[in-house]
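This report considers selected local features of one protein chain. Please keep the sequence and the structure in view while reading.

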Amino acid sequence: MFDMNFGDQSLSQQLKASGLAAAYEENLEKAAAFAADLSSSGLLPFARQAPDAPELADIATAATHIRAGFKHLIVLGTGGSSLGAQAAIAIARYLPDHIAGTNTQIHTPDSLCPFEMDRLFASLKPAETHVLAISKSGTTAETLAQLLACRAWLEQGAGTKDLGTHFTFVTEPGERPLRTYGEKLGSAILDHPTDVGGRFSVLTTVGMLPVAVAGLSPAKFRAGAQQVVQAFGANPAASPVVVGAALTHTLNQHKGVTQVLLMPYAEALRAFTRWHGQLWAESLGKDGLGTTPIRAVGPVDQHSQLQLFLDGPNDKFCTFITIPSLGKGPRIDAAEAKAYGLDYMAERTIGDTVTCQSRATQQTLRSKGRLVRELVIDSLNEENLGGLFVSFMLETVVMAHLMGVNAFDQPAVEDGKVLTREYLAALKG
């Protein structure tokens with residue numbers, strides 16, 4: 001599925017040279033013990049999403065309804081209710097075999113922006129549009145605001161006949177505004193698991209329904225995740241999950257590393273970096289502790305952020321994600337290249353260039369004393385992306401354990417939500 005490496009020198013050699021070997025081994029032992037306890041107790045719910053679970057039938061039914069009747073799907077959700085789905089469906093356009101016959105375009109206006117909503121409504125036809133509203137609590141203000149706006153727009157353009165067929169809802173069971181709204185419309189309502197938080201929900205119905213609409217396979221995403229989970233339980237100390245958490249915590253404790261860089265060399269994983277940013281920041285930023293996630297995509301960010309990574313403060317732990325691409329993509333014509341003094345490009349492919357750029361960037365960072373981890377996935381597909389999702393979720397939970405914080409709450413965020421409701425209620429007119 002994916003391999004982890006640290007360059008020409010082994011990780012142990014680099015840690016020994018940095019004087020971190022003893023501290024790292026202590027953290028690794030703690031992390032591995034915690035991972036073993038998690039595995040023996042059945043793991044956390046987000047890591048138990050089975051590729052043959054009963055809810056996949058409901059997901060398939062809802063996806064078939066949307067794909068058969070609508071050219072457009074608007075996914076309403078913010079944070080974990082949208083970012084995971086965006087990261088998952090981003091690979092669809094790179095896998096043509098999986099999207100044959102899929103004519104439904106997915107729109108994800110996850111940020112509540114009046115100009116974006118106006119633009120979206122102006123570009124779509126109500127009769128051709130379905131709306132999927134997702135909120136674990138059923139009370140997310142941004143999602144409810146968008147939902148009410150979508151309802152009014154649909155009624156104006158498509159009328160009220162069969163209006164309920166234009167909506168699908170995903171929320172927790174019980175009395176909550178979003179569920180009541182869906183029940184009154186007579187729309188399909190799928191359950192958001194009560195034991196999985198939003199930012200950990202990508203492998204649940206939250207992420208897998210958009211995946212199915214995009215023509216991808218929820219079962220394959222989950223099967224890939226299960227491979228990682230099994231390896232995690234079989235040998236925790238060797239798992240990239242445990243090694244990554246132990247290493248990050250050691251660097252934060254002893255080397256002043258306060259930022260974690262995630263830099264895939266694949267455009268298909270750009271949205272994945274946004275998903276990881278929320279997961280890491282909201283899970284670990286507690287009690288004055290935490291490391292700040294940085295998003296970058298290669299090779300483009302070699303020309304925007306790399307100068308800082310190389311010549312700025314040495315306060316970052318760098319993780320690269322690469323996909324073997326030698327020989328992939330268009331090939332540069334030899335005569336054209338040589339005519340302009342670009343002999344080194346002659347007969348090389350775009351994939352050759354990207355591979356060499358990634359290798360050079362990592363090596364340059366290491367030469368500057370930066371610790372760099374590379375995760376190499378063998379191909380771009382649902383299984384591997386599912387594995388990456390669960391790997392980073394588990395790494396986040398293990399990291400939280402080492403830090404001594406709760407990975408699953410976000411108490412500081414709630415204050416802003418309360419004030420927002422108060423300000424809205426106080427508006428005049």
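How many aromatic pairs does the count come to? In this predicted model, the count comes to 10 aromatic pairs.

## Aromatic residues

One of these pairs is formed by Phe-167 and Phe-169, whose rings are stacked, with 6.0 Å from centre to centre and 10 degrees between the planes. The cut-off for calling a pair stacked is a plane angle under 30 degrees, and the Phe-167 and Phe-169 pair, at 10 degrees, is therefore described by that word.

## Packing of H6 and H7

Two packed helices are described by the angle between their axes together with the distance between those axes. For helix H6, which covers residues 141-158, and helix H7, which covers residues 177-185, the axes come within 11 Å and cross at roughly 20 degrees. Angles under 35 degrees count as roughly parallel, and H6 and H7 are therefore roughly parallel to each other. The crossing of H6 and H7 is left-handed.

On the H6 side the contact involves Leu-144, Leu-147, Leu-148 and Arg-151, and these meet Leu-178, Tyr-181 and Leu-185 of H7. By residue class, the contact of H6 with H7 is made up of six nonpolar residues and one charged residue, with no polar residue.

## Backbone features in loops

The peptide bond that leads from Gly-298 to Pro-299 is cis, and its omega is near -5 degrees. Pro-299 is found in the loop that lies between strand S8, residues 292-295, and helix H12, residues 306-311.

Two residues other than glycine have a positive phi and may be considered side by side. Leu-43, with phi near 65 degrees, is found in the loop between helix H2 (21-40) and helix H3 (55-69), whereas Asp-287, with phi of about 55 degrees, lies in the loop between helix H11 (270-284) and S8. Are these residues buried or exposed? Leu-43 has a relative accessible area of 13% and is therefore buried, the cut-off being under 20%. Asp-287, by contrast, has a relative accessibility of 70% and so counts as exposed, for which the cut-off is over 50%.

His-249 lies in helix H10, which spans residues 240-254, and it is buried, with a relative accessible area of 8%. Which residues is His-249 in contact with, leaving aside its neighbours within four places in sequence? They are Asn-27, Met-399, Leu-402 and Met-403.

Phe-34 lies in helix H2 and, at 18% relative accessibility, counts as buried. When residues up to four places away in sequence are not counted, Phe-34 touches Val-397, Val-398 and His-401. Phe-34 can also be placed relative to Val-242, from which it is separated by 208 residues in sequence, while the two are 9.3 Å apart in space, C-alpha to C-alpha.

How values were computed: Residues are numbered from 1 along each chain as its sequence is written. This is a predicted model: local features need pLDDT of at least 70, side-chain atom pairs count only at pLDDT 80 or more; totals for chains, interfaces and linings use all residues. Side-chain values use heavy atoms; hydrogens and water are left out. Axes are lines fitted to C-alpha atoms, for helices over the stretch in contact, and angles run from 0 to 180 degrees between N-to-C directions. Helices (H or I, at least four residues) and strands (E, at least two) are DSSP runs, numbered from the N terminus. Angles under 35 degrees count as roughly parallel, over 145 as roughly antiparallel, 65 to 115 as roughly perpendicular and the rest as oblique. A crossing is left-handed if the near helix is turned anticlockwise from the far one by less than a right angle, and right-handed if clockwise. Contact means heavy atoms within 4.5 Å. Ala, Val, Leu, Ile, Met, Phe, Trp, Tyr, Cys and Pro count as nonpolar, Asp, Glu, Lys and Arg as charged, and the others, Gly among them, as polar. Rings of Phe, Tyr and Trp (its six-membered ring) pair if their centres lie within 6.5 Å; planes under 30 degrees apart count as stacked, over 60 as edge-to-face and the rest as tilted. Buried means under 20% relative accessible area, exposed over 50%, partly exposed in between (1.4 Å probe, protein chains only).
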